[in-house]
Amino acid sequence: MAQRLRLEDVSYSYPLPGREDAPALQGAGLSVESGEVFCIAGANGSGKSTLAQVCAGLLVPASGQILYGEEAVVGRGALRGFRRKVGLLFQSPEDQLFADTVAKDIAFGPRNHGLKGEELKAAVVGAAGLVGLSLDELGARSPFSLSGGEKRRAALAGVLALEPEVLVLDEPFIGLDFEGRERLKSALVSYREERGASIIIVTHELSDVWPLATRFALLSKGRLLGVKDKSDLISGDTDLAALGMKLPQWGELARELLRLGIPVADQSDPLAIAGALASHREATGDR
Amino acid sequence: MRGNEGRLRIQVEGLSFTYPGASGEALRGVDLEFEQGRFYALLGRNGSGKSTLARCMNALLTPTGGRVLSCGIDTAEGSTRRDIHKLLAMVFQDPDTQMVATTVEEEVAFGPENLGLEPPEIRRRVDDALRLVGIAHLAGRQPLRLSQGQKQLVAIAGALGMNPAFLLSDESTSMLDYSARHRVLELFRDLRSMGMGVIHVTHFLEEAAEADAVVVLDEGRVVASGPPAKTLGDPERVRSLGLEPLAATVVAGELGRLGHPVPGGALDVKELVTWLNA
Amino acid sequence: MTGSDITIGQYLAAPTALHGVDPRLKFIAVFAGIVMVFIYGGWSIVAFAVFLLALLAAARLPLLQVLKSLRTVWVIVVVTFLLQVFLTPGEVVWHGWFLSATDTGLYNGALFSARVLLLVVLLAALTMTTPPLKLADGLESLLRPLKYLKVPVSRVTTVISITLMFIPNILEQSRRLVRAQMARGADFESANVLRRARDIAPVLVPLFVKVFHDADELALAMDARAYAGGEGRTRLYPMKIGALEAALTLAFVAVSIGLAFV
């Protein structure tokens, strides 16, 4: 079961200055609750990949601190322990596959953590199951022979096999088609439900995280501009376009309903929205 | 750029393609026609053959069946590949793997240099392309140090430097954020208005909704083609093609089921609102 | 695999006096330098080293960075030096444990190490100040006569330039992969050398896969832009050798040869 993850006034800068694709991070503070799906949103070059790696303990902040539960992550030992609890799926993770079989690739992580024999097998089988990959069918195949969507899920399985309490994903949906994105989403949902894990999704494209995330941290030029609820974004208190992003069409629709004063109980349910629109039209048509 | 004098076409006739060593065909008997002055979106799930089709059109791949006439030139004739590359320029997905030079202007000059043009003509084309794309101020910068979106604009300028009749975009927006994507789409529409043919391979239905015509591929076949409202307006059909229907389309579909059909469907929220107030 | 160093072969964006020099002249100078480095004996090589470093410093090449970037080369240099010192027969000047250093060994060790270092410095100066595409253009122009001997000059130079273009890519990918595999529990900080060696495969295999894939994409993109080697290629900035740079190159070659007689 995940604990609350907090970043307090975290800053990070790269040793090579002037790299616009890897901007520094300044005074970022946020708190991800246990079991939450949290979105870190920002345009390309906003520092969101940097923030993802800080959240996963892979980059050590120059100042500020990370707290996991009540413990501050300070010093080598604490950092090592923290890294074990957090899993990070890098952007285009299919590029990190290396083993000669899918099963061995998924086993790489847990093996590094000292799992052996039945325990190791159970971890691999469990992770493959979560992402919907059949080991009977694909386990002995080379990861390089998989389709794009399968590769990405195999890479996710490699991280899930470590059973992280907090899962950080950097642009997990980029380059996947509809089916690939849906399968990935359901894998994330079931992992969260089964293990009570927190999930942090880092992205510039809000449409895929929209149905998953409850809160959105907005990042621009290495600075955190605030954490917003979905309703904040819908009501339009933040100019997403100025941050290089866009409200997804479902959000635009919700915003329009709000503007027209049409109440909808569940804004994620197309039928409910259609029903509300239909009765609105009937009502105004009668006038 | 070219005017409207006798619009050039790309004619795809019974095109099949099988990758060497692959068991199945990537394209199976594709018949299509594209013309200058129009903006096309090419959609389809991963592995549907859309990139393969784009590569067959500008002779990067040679058909294993049927033929492609690009601006009247058969792509199967090896000796004319350079003429086809002149007429059909291409932009790829990852800007990082298409940069060859160390300054933006030399990057854009690369294509015209390969065509063996005289330096003043290269200069003119570079300046025109940079101005058209709106990155003249980046001329002296190092491409590697630019943002993803800027790099992709440089790549597009590089393609325009060839002074092509058609621009093929092979998922050139898929790695970009919204503001960069928006800029690229705006540019594609401008180029179309100037008489160029633009063929844009994409995952984003919102981008396709802005095209003049949409072509959907599945398993190497054309499964839908026509104006966006016609091809993308039915949510069930869109899903069956492996694509995610737009929110407005889904809601319009539900409205139809509730006995309140939205004539012509809806691709964006505005269309729904217009219907609501009609 | 630390991040901040410049690596040999990587182009340096900050302009130096050498950036503007015609690539063909640079090739000639470097070639002459390399040949002479292997001809020089004791004092000649010292004189040449001083001459070369002063020249590069005057051209504002960041020498310190160059020397730091030679880290991988230092290993070769030290091994060369030690082998020479202890394995060359001659008058013993120092004896300890089971090893003895000879005077000839010391001399050879110093000479051979200096050769390796100067060789690398010369090549680094060339690649740091010449964009890969210009290197290819320059080399192709110089090697044009070989075309009559049916040597595929264009292909060779294209391969060289693509390789050089890929150095930043390879560095970036390897950095990414190290961190990605660290996130999967790989241990690159471990004191256990065996463990670290074992964890290299998870970096190298995907690195090769990715770099080959990217190279393929690059070749495709170059093809789409009508690149077919240097044949028939013109330049936005045509290669033109100025009188001053030609004279300076000639002077450099002359001095390099002259130093052999020191």
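Trainee: At about what angle to E1(B) does helix H1 of chain B run?
Mentor: Residues are numbered from 1 along each chain as its sequence is written, while chains are lettered from A and ligands numbered from 1 in the order in which they are written. Helices (H or I, at least four residues) and strands (E, at least two) are DSSP runs, numbered from the N terminus. Helix H1 (residues 50-57) of chain B lies across strand E1 (9-17), E2 and E4 of chain B, and its angle to E1(B) is about 120°.

Trainee: Which strands stand at the edges of the open sheet of 4 strands in chain B?
Mentor: That sheet has antiparallel pairing and runs in the order E2-E1-E4-E5 (chain B); two strands pair if DSSP finds at least two bridges between them. E4(B) (residues 65-70) and E5(B) are joined by 2 bridges, and Ser70(B) has Ile73(B) in E5(B) as its bridge partner. Each edge strand has a single partner strand, so one side is left without a neighbour in the sheet, and that describes strand E2 (27-35) and strand E5 (73-74) of chain B.

Trainee: What does the twist average in the open sheet of 6 strands?
Mentor: Here the order is E6-E7-E8-E3-E9-E10 (chain B), with mixed pairing. Strand E6 (88-91) and strand E10 (221-226) of chain B sit at the edges, each pairing on one side only. From one strand to the next, the twist averages 20°.

Trainee: Over to chain C. What pattern does it follow along the sequence?
Mentor: Chain C has 10 helices and 2 strands, and its C-alpha atoms fill a box of roughly 65 × 60 × 40 Å along the principal axes. Read along the sequence, the pattern is α-α-α-α-β-β-α-α-α-α-α-α.

Trainee: Are H4(C) and H5(C) roughly parallel or antiparallel to each other?
Mentor: Two packed helices are described by the angle between their axes and the distance between the axes. The axes of helix H4 (residues 71-87) and helix H5 (residues 103-129) of chain C come within 7 Å and cross at roughly 160°; axes are lines fitted to C-alpha atoms, for helices over the stretch in contact, and angles run from 0 to 180 degrees between N-to-C directions. Under 35 degrees counts as roughly parallel, over 145 as roughly antiparallel, 65 to 115 as roughly perpendicular and the rest as oblique. H4(C) and H5(C) are therefore roughly antiparallel.

Trainee: How many charged residues does the contact of H4(C) with H5(C) have?
Mentor: Residues including Val73(C), Ile76(C) and Phe81(C) in H4(C) meet residues including Leu106(C), Phe112(C) and Val116(C) in H5(C); contact needs C-beta atoms, placed from the backbone, within 7 Å. Ala, Val, Leu, Ile, Met, Phe, Trp, Tyr, Cys and Pro count as nonpolar, Asp, Glu, Lys and Arg as charged, and the others, Gly among them, as polar. That contact has 12 nonpolar and 6 polar residues, and the charged count is none.

Trainee: And how many charged residues are in the contact of H1(C) with H6(C)?
Mentor: The axes of helix H1 (residues 23-39) and helix H6 (residues 132-142) of chain C come within 8 Å and cross at roughly 70°. That makes H1(C) roughly perpendicular to H6(C). Pro23(C), Arg24(C) and Phe27(C) are the H1(C) side, while the H6(C) side includes Lys134(C) and Asp137(C). By class there are 5 nonpolar and 2 polar residues, and the charged ones number 3.

Trainee: Which helix gives the largest share of the side of chain A that touches chain B?
Mentor: 32 residues of chain A are in contact with 32 residues of chain B. On the chain A side these divide into 12 nonpolar, 12 polar and 8 charged. The largest share, 9 residues, comes from H11(A).

Trainee: Which helix gives the largest share of the side of chain B that touches chain C?
Mentor: This contact takes 32 residues from chain B and 25 residues from chain C. Helix H2 (81-87), helix H3 (104-114) and helix H4 (119-133) of chain B each give two or more residues. The largest share, 6 residues, comes from H3(B).

Trainee: Where in chain A does pLDDT stay under 50?
Mentor: Chain A averages a pLDDT of 90, with 96% of the residues scoring at least 70. Where pLDDT is low, the predicted coordinates should not be read in detail. The stretch under 50 in chain A is residues 17-21.

Methods. This is a predicted model: local features need pLDDT of at least 70, side-chain atom pairs count only at pLDDT 80 or more; totals for chains, interfaces and linings use all residues. Two residues are in contact if their C-beta atoms, placed from the backbone, lie within 7 Å. pLDDT is the predictor's confidence in each residue, from 0 to 100.
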